[in-house]
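Q: Could we go through this structure a piece at a time? I would like to start with one residue.

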Amino acid sequence: MNYNNFFKDAISGLKAEGRYRVFANLERIVGKFPKSLYHPENGEAPREITVWCSNDYLGMGQHPKVLDAMDKAVSGQGGGAGGTRNISGSNHLHVALEHELADLHGKEAALLMTSGYVANWTTLSTLGSKLPDCVIISDSQNHNSMIEGMRHSKAERRIWNHNDVEHLEAILKDLGPERAKIVAFESVYSMDGDIAPIGQILDLCEKYNAISYLDEVHAVGMYGPRGGGVAERDGVMHRVDIVQGTLAKAFGVIGGYIAARPEIVDFVRSFGNGFIFTSSHPPSIAAGALAAVRHLKESNAERIAQKERAETLRERMREVGLPVMDAPSHIVPLMVGNAAMCKEASDRLLFEHDIYVQPINYPTVPRGTERLRFTPGPLHNDELMDHLIDSLLAVWSQLGISKAA
Ligand code: PMP
């Protein structure tokens with residue numbers, strides 16, 4: 001086996017398809033969000049650009065309360081937490097954050113994990129492997145972190161057509177009430193920006209005695225009067241068995257969690273390898289996340305401003321004939337439909353217009369639906385939006401990309 005040829009050929013294949021990933025090298029600057037310094041690959045001096053694809057949806061990663069809490073935790077408690085949760089790494093800030101998250105979702109308990117990815121992987125792999133003869137019923141567009149967790153569990157998996165409750169019911173009926181079942185789905189699907197009919201899915205979970213597992217990664221902090229997610233907004237939060245979320249998007253820091261009734265949380269805490277065998281977050285991370293969660297429980301200002309910005313951007317794109325996808329959420333996807341073209345559009349926006357929006361290609365989205373995904377935040381003002389629209393029109397006409405949605 002020639003290992004190097006194997007690795008090189010695999011990368012050449014990605015490059016030929018226009019799918020080779022290049023990460024924009026950014027330096028964030030406190031107080032300037034959504035601007036950032038971009039460090040070009042060719043070693044040229046860094047220059048200021050506007051980020052239009054950040055998942056720090058509300059700018060909480062630079063909120064004074066968050067920074068202050070993190071600074072205090074670093075100067076008071078130092079760098080790391082000192083171990084796994086089990087061996088000296090359980091900090092009072094982790095515990096306080098878990099209480100805060102349980103309260104956010106109206107649950108009795110919560111469990112903090114390394115990231116949203118790890119929370120999905122750990123919880124689904126643990127429940128799927130330990131519940132006797134379990135079947136996991138998974139929405140066809142579920143995130144990779146759920147898919148990998150389910151696969152690892154080796155539980156039987158049934159895929160239900162995206163957001164199609166009739167199909168879900170047919171599968172549940174077929175499995176019958178006695179079999180252990182988990183229905184795994186998301187609230188806001190981050191690439192199309194569409195939203196699950198959570199209430200109807202919960203009706204079916206209750207009717208057929210299935211555990212409901214809801215990933216609210218793109219919705220926590222963003223929806224509901226206290227930022228509890230779409231389930232809170234829809235008044236059905238109390239009916240969800242397990243809510244999973246992240247601290248790395250609207251809450252602006254890092255980390256993932258589940259919130260559920262105590263028996264479930266204690267079970268994952270006790271049997272979940274992805275929780276047990278890894279070191280816990282630095283106290284400063286928990287402090288920052290705690291400040292963000294507390295702030296967004298009290299304040300609707302950021303959510304209201306974000307919603308207005310997203311609606312305005314969508315409207316402005318429509319007005320000038322750009323093929324913006326309809327979406328009832330904070331995400332604004334603009335269709336390109338070709339991987340190489342999508343990359344080229346993103347490059348031109350960055351190199352010629354100082355606008356950064358990452359191309360979204362297969363396997364994140366199906367081939368032929370490659371797109372630019374905009375996440376306007378409260379701080380993307382009218383001036384930035386004018387510049388974005390003018391730049392998009394220039395690039396669209398240079399590349400001859402179709403304007404038909
Ligand atoms: N679930 C969904 C739906 C996601 O989109 C992501 C990542 N973007 C995750 C889970 C993983 O969350 P995290 O980034 O906190 O690991």
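Q: What does Glu 17 count as, at 34% relative accessibility?
A: Glu 17 counts as partly exposed because its relative accessibility is 34%. Buried means under 20% relative accessible area and exposed means over 50%, with partly exposed in between (1.4 Å probe, protein chains only).

Q: And where do these values come from?
A: This is a predicted model, in which local features need pLDDT of at least 70 and side-chain atom pairs count only at pLDDT 80 or more, while totals for chains, interfaces and linings use all residues. Residues are numbered from 1 along each chain as its sequence is written, and side-chain values use heavy atoms, with hydrogens and water left out.

Q: Which side chain meets that of Glu 17 in a salt bridge?
A: The side chain of Arg 19 does, with 3.2 Å from N to O. A salt bridge here is a side-chain nitrogen of Lys or Arg within 4 Å of a carboxyl oxygen of Asp or Glu. Arg 19 counts as buried, because its relative accessibility is 17%.

Q: How many salt bridges does a search of the whole structure find?
A: The search finds 33. One of them joins the side chains of Lys 207 and Glu 169, at 2.8 Å from N to O. This pair links distant parts of the chain, since Lys 207 is in helix 7 and Glu 169 is in helix 6, 38 residues apart. Helices (H or I, at least four residues) and strands (E, at least two) are DSSP runs, numbered from the N terminus. Lys 207 counts as exposed, at 55% relative accessibility.

Q: How many bridges join strand 5 to strand 6?
A: Five bridges join strand 5 (residues 135-139) to strand 6, and the two run parallel. Ile 137 has Arg 158 of strand 6 as its bridge partner.

Q: Why is strand 7 described as largely enclosed?
A: Six of the six residues of strand 7 are buried, so the rest of the structure largely encloses this strand. Lys 181, Val 183 and Phe 185 point one way, whereas Ile 182, Ala 184 and Glu 186 point the other way. In a regular strand, side chains alternate between the two faces of the sheet.

Q: What does strand 7 pair with in the parallel sense?
A: Strand 7 pairs with strand 5 over four bridges, in the parallel sense, and Val 135 stands opposite Lys 181. Strand 7 also pairs with strand 8, again in the parallel sense, over five bridges. There, Leu 214 in strand 8 is the bridge partner of Phe 185.

Q: And the four-strand sheet, which strands stand at its edges?
A: This open sheet has the order 1-2-3-12 with mixed pairing. Strand 1 (26-28) and strand 12 (355-356) are at its edges, each with a single partner strand, so one side of each is left without a neighbour in the sheet. Strand 1 pairs with strand 2 (residues 35-38) in the antiparallel sense over three bridges.

Q: Last one: where does Lys 343 lie?
A: Lys 343 lies in helix 13 (residues 339-353) and is partly exposed, with a relative accessible area of 22%. Leaving aside neighbours within four places in sequence, Lys 343 is in contact with Gly 18, Tyr 20, Val 22 and Pro 359. The C-alpha atoms of Lys 343 and Tyr 20 are separated by 9.4 Å, although these residues are 323 residues apart along the chain.

Conventions. Pairing = 2+ DSSP bridges. Contact = heavy atoms within 4.5 Å.
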